[in-house]
Amino acid sequence: MFRASVPLGREAAQEIIRERLPDYPVRSSLVWNTAPGALLTLPTFADSSRFMPFQLNAMGVEPRHNYTAVIYVQIGAALGPNAALYKLVRTITKSQFVDRILVLWAADRPLPLKKRWPSTFHIPLHVIALGGSARALASPTGQTGPEARPSISQRFLPYEEIQTDAVLSLDEDAILNTDELDFAYTVWRDFPERIVGYPARAHFWDDSKNAWGYTSKWTNYYSIVLTGAAFYHRYYNYLYTNWLSLLLLKTVQQSSNCEDILMNLLVSHVTRKPPIKVTQRKGYKDRETGRSPWNDPDHFIQRQSCLNTFAAVFGYMPLIRSNLRMDPMLYRDPVSNLRKKYRQIELVGS
């Protein structure tokens, strides 16, 4: 027998009626009766299930090749050869799987001139100035978009520049090397419906506060992989923007925080699976970058509050714990480094 809450039943009825309207895409009975179901399979995203991350395994097809790197710039430190952002762009350019690089400029500082950016050779580099809900293409003059304060959720907009299935989401001060990027991408190709990346966090139930807690402490499990250095399918950008409750998005906008936690809840809600952490790296941020929001003492408190708001709106806690970690073959094994495919990863401390 089919069972659902009243709100879900109402949504399903609305979708059935909507599918009977002219020019509205109709989903097959297989989509309706296969997890995650029609309510989470938005037909306006694509005209084929082949572009849905959770349908790929059932269809026996692989994700399309290569990825789009999306770098979210919030600090906007001076751009030069020693700057974290400059080094990051150069690192991505060396990846064998990158299709293009998209820089989302949400900093107060003007956009750097085109000549200040490192050469990306044949890899297209798109720089977009964010402001309010509008987008303005960067120009060589360094002009910015509208003066309205950007929402941090804009890092998850379904930008038309993203043409690959895989999205590599990065903060501007991420310090991963090229081997780390390439290895994480190969792991993601085997799990395209999940978030795959480096910085892991965990949630827990705090009996003393009768509330959900959030921790960045190194434990033997995790339930969140931060999108400051992670791969995910581009469909989740569309779902984040077009499906999530406005209350959830407003919570992120008001706090200028927690968008990565919300994305993790969304993906776990869709898949009923945890994210995947790769290698033992713990730190992934450049410590010399200026006024990082992570150094704000209120940052952690806000994330605790967000987590409980999100769980209340979802009606349950979607996050799932995991103790799985993916490492390259022969990782840290006492054999010649010449036998190892991802040699740079061996040089990275925990």
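Here are some notes on the predicted model above, for someone meeting it for the first time.

1. **Ground rules.** In this predicted model, local features need pLDDT of at least 70 and side-chain atom pairs count only at pLDDT 80 or more, while totals for chains, interfaces and linings use all residues. Residues are numbered from 1 along each chain as its sequence is written, and side-chain values use heavy atoms, with hydrogens and water left out.

2. **The overall picture.** The protein has ten helices and twelve strands; helices (H or I, at least four residues) and strands (E, at least two) are DSSP runs, numbered from the N terminus. Of its 350 residues, 53% count as buried. Here buried means under 20% relative accessible area, exposed means over 50%, and partly exposed is in between (1.4 Å probe, protein chains only). Take the contacts with a separation of 6 or more: 74% of them come from residues 24 or more positions apart. A contact means heavy atoms within 4.5 Å.

3. **H8 against H9.** Two packed helices are described by the angle between their axes and the distance between the axes. Helix H8 (residues 259-271) packs on helix H9 (residues 297-314) at about 30 degrees, and their axes are 10 Å apart. That makes H8 roughly parallel to H9. The axes are lines fitted to C-alpha atoms, for helices over the stretch in contact, and angles run from 0 to 180 degrees between N-to-C directions. As for the wording, angles under 35 degrees count as roughly parallel, over 145 as roughly antiparallel, 65 to 115 as roughly perpendicular and the rest as oblique.

4. **What sits between H8 and H9.** H8 brings Asp260, Ile261, Leu262, Leu265, Leu266 and His269 to the contact, and H9 brings Arg303, Leu307, Phe310, Ala311 and Phe314. By class, the residues of this contact of H8 with H9 are eight nonpolar, one polar and two charged. Ala, Val, Leu, Ile, Met, Phe, Trp, Tyr, Cys and Pro count as nonpolar, Asp, Glu, Lys and Arg as charged, and the others, Gly among them, as polar.

5. **H7 against H9.** H9 has another partner to look at: helix H7 (residues 246-255), whose axis comes within 10 Å of that of H9, with a crossing of roughly 170 degrees. H7 and H9 are therefore roughly antiparallel to each other. On the H7 side you'll find Leu247, Leu248, Thr251, Val252 and Ser255, which meet Gln302, Cys306, Thr309, Phe310, Val313 and Phe314 in H9. The contact of H7 with H9 has seven nonpolar, four polar and no charged residues.

6. **Glu259 and Ser153.** Glu259 is in helix H8, and at 5% relative accessibility it counts as buried. Leaving aside residues up to four places away in sequence, Glu259 touches Ile152, Ser153, Arg155, Phe156, Tyr240 and Val252. Glu259 and Leu249 are ten residues apart in sequence, and their C-alpha atoms are 8.3 Å apart. Ser153 lies in the loop between strand S4 (134-137) and strand S5 (166-171). Ser153 also counts as buried, at 10% relative accessibility, and with the sequence neighbours up to four places away left out, it touches Tyr240, Leu249, Val252 and Glu259.

7. Eleven of the 13 residues of H5 are buried, so H5 is largely enclosed by the rest of the structure; among them are Asp179, Glu180, Asp182 and Arg189. Helix H5 (residues 178-190) reaches 19 Å from its first C-alpha to its last, close to the 18 Å expected at 1.5 Å a residue (1.5 Å times one less than its number of residues). Helix H4 (residues 84-93) is mostly covered, with eight of its ten residues buried, including Tyr86, Leu88 and Ile92. The buried residues of H4 pack against strand S1 (67-73), S2, S5 and H5.

8. **Backbone spots to check.** Most residues other than glycine have a negative phi, and most peptide bonds are trans. Ala35 and Pro36 are joined by a cis peptide bond, with omega about 5 degrees; Pro36 is in the loop between helix H2 (29-33) and helix H3 (56-59). Phe121 has a positive phi, near 55 degrees, and counts as exposed at 69% relative accessibility. Asn210 has a positive phi near 55 degrees, sits in the loop between strand S7 (200-206) and strand S8 (211-215), and is exposed with a relative accessible area of 59%.
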